[in-house]
Amino acid sequence: MSEALAVLKEVADDPDGYVVRWKQRTGGKAVGLFPMNFPAEIAHAAGVLPVVIQENREPDSHGRHLLAEFYCAYTRNIADQAAKGRLDIYDGFFLADHCIQLLGALDVVRAESPDKPMYFGHLEPTLDKAPHAVPQKIRAFLDELSALAGAPITTDALVASIAIFNENRRLLRSFFETRRAGNATLASTELQVLVKSAMVMDKVEHTELLRTLYADLVATPRDDRVRIHLSGHLCHAPKPELLQAIEDCGAVVVDDDLYTGNRYLSTDVAEGIDPVTALSQWYLERDANLPCPTRVKHEVDWEDQLLRSVEASGAQAVIVLMVKFCEPHMLYYPELRRRLTERGVPHLLIETEHEGVPVESVRTRVEALLERVRRTQLVTS
């Protein structure tokens with residue numbers, strides 16, 4: 001592992017530690033953001049560290065009774081972190097997505113941290129109706145973060161932050177494009193490290209490490225492992241041991257639409273125009289680039305984009321990672337399954353939980369999928 005990747009992995013494994021060190025080093029404030037669509041550029045322009053709060057590795061204990069068992073793993077873990085005081089490192093909390101389960105978790109955060117500001121600005125999920133409403137929300141975000149930072153956010157600062165974030169996304173995409181083109185140097189666990197650390201670190205610092213890592217990247221051609229597209233996990237990262245188990249079975253992940261993958265970095269913010277307009281367009285265009293079941297846009301469908309991605313990357317099968325009790329994904333999955341079946345794309349559904357999944361059971365199911373792919377190849381060759 002290179003030195004740059006080791007630093008990024010340390011942050012991905014211990015985001016709280018990075019936030020504490022950053023605040024001690026800079027004397028600045030940090031805000032906790034919740035998935036999926038809050039424009040972090042605004043917090044950066046205010047001189048605040050924006051951090052997408054990650055699911056941690058601790059078993060849920062203190063907060064286990066605070067939300068019902070049918071809440072998803074991420075929201076129940078957020079409640080547990082709040083109950084344990086793990087979120088005290090943040091100076092405020094911001095949310096832009098209307099998820100009933102996440103709102104329940106935020107009620108716990110609010111109860112456990114009553115002195116911390118919390119702002120929920122609901123971005124319109126029906127995107128065909130959103131163009132006029134979204135700029136108002138972006139301005140509200142600007143006002144709230146200006147109040148938290150104690151100073152107004154200037155247009156020049158917001159423009160500069162947009163450029164910094166765009167550069168970071170472009171660099172991240174270069175790693176994913178390299179994988180899609182056939183370079184198997186970085187495993188799926190390592191690519192997830194790049195994105196998770198991007199959600200936590202100061203963007204300038206993160207970009208410098210990405211540049212170093214990309215400059216040292218060597219070409220490693222794919223071997224004869226079965227090519228897999230990973231789909232799902234809309235709000236938080238799959239467990240690294242799950243990703244490792246999939247590849248240990250004889251698969252190589254060539255593309256994904258995970259939140260801690262292509263979904264996070266799919267869309268840049270337009271430069272050279274009014275930044276409020278640009279951030280509004282970014283929100284509206286994200287769903288066109290990579291559709292999400294939590295949003296409604298009549299011209300695009302997730303299943304169509306998934307099939308195009310499978311074809312472009314040469315993936316031979318799809319593994320869907322569904323967080324248990326994720327209602328949008330549960331409701332949309334039958335349509336994904338129908339379209340994959342119609343196109344003859346082998347696929348497998350794996351349901352995940354905070355406490356993990358039995359790795360040996362996963363191996364057995366993945367190995368069966370890979371054997372099916374290999375048998376199909378023999379028949380058609």
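Predicted model: local features only at pLDDT ≥ 70, side-chain atom pairs only at ≥ 80, totals over all residues.
1. Residues are numbered from 1 along each chain as its sequence is written, and side-chain values use heavy atoms, leaving out hydrogens and water.

2. Have a look at strand β6 (residues 251–256): six of its six residues are buried, so the strand is largely enclosed by the rest of the structure. Buried here means under 20% relative accessible area with a 1.4 Å probe, protein chains only. Strands are DSSP runs of E of at least two residues, and helices are runs of H or I of at least four, numbered from the N terminus.

3. Strand β5 (residues 226–232) runs parallel to β6, joined by five bridges; pairing takes at least two DSSP bridges. Within this pair, His 229 stands opposite Asp 255 in β6.

4. On the cysteines, the count of disulfides (sulfur atoms within 2.5 Å) is zero. For Cys 72, the closest cysteine sulfur, in Cys 99, is 6.2 Å away, too far for a bond. Cys 72 is buried, with a relative accessible area of 11%. Cys 326 is also buried, at 15%.

5. In helix α1 (residues 3–13), the buried residues are Ala 4, Leu 5, Leu 8, Val 11 and Ala 12. They cover an arc of only 120° around the axis, so they lie on the same side of α1; the arc is taken from the directions from the helix axis to the C-beta atoms. These buried residues pack against α2 (15–26), α8 (188–198) and α9 (203–215), with contact meaning heavy atoms within 4.5 Å.

Note on methods
Buried < 20%, exposed > 50% of the residue type's maximum accessible area, 1.4 Å probe, protein only.
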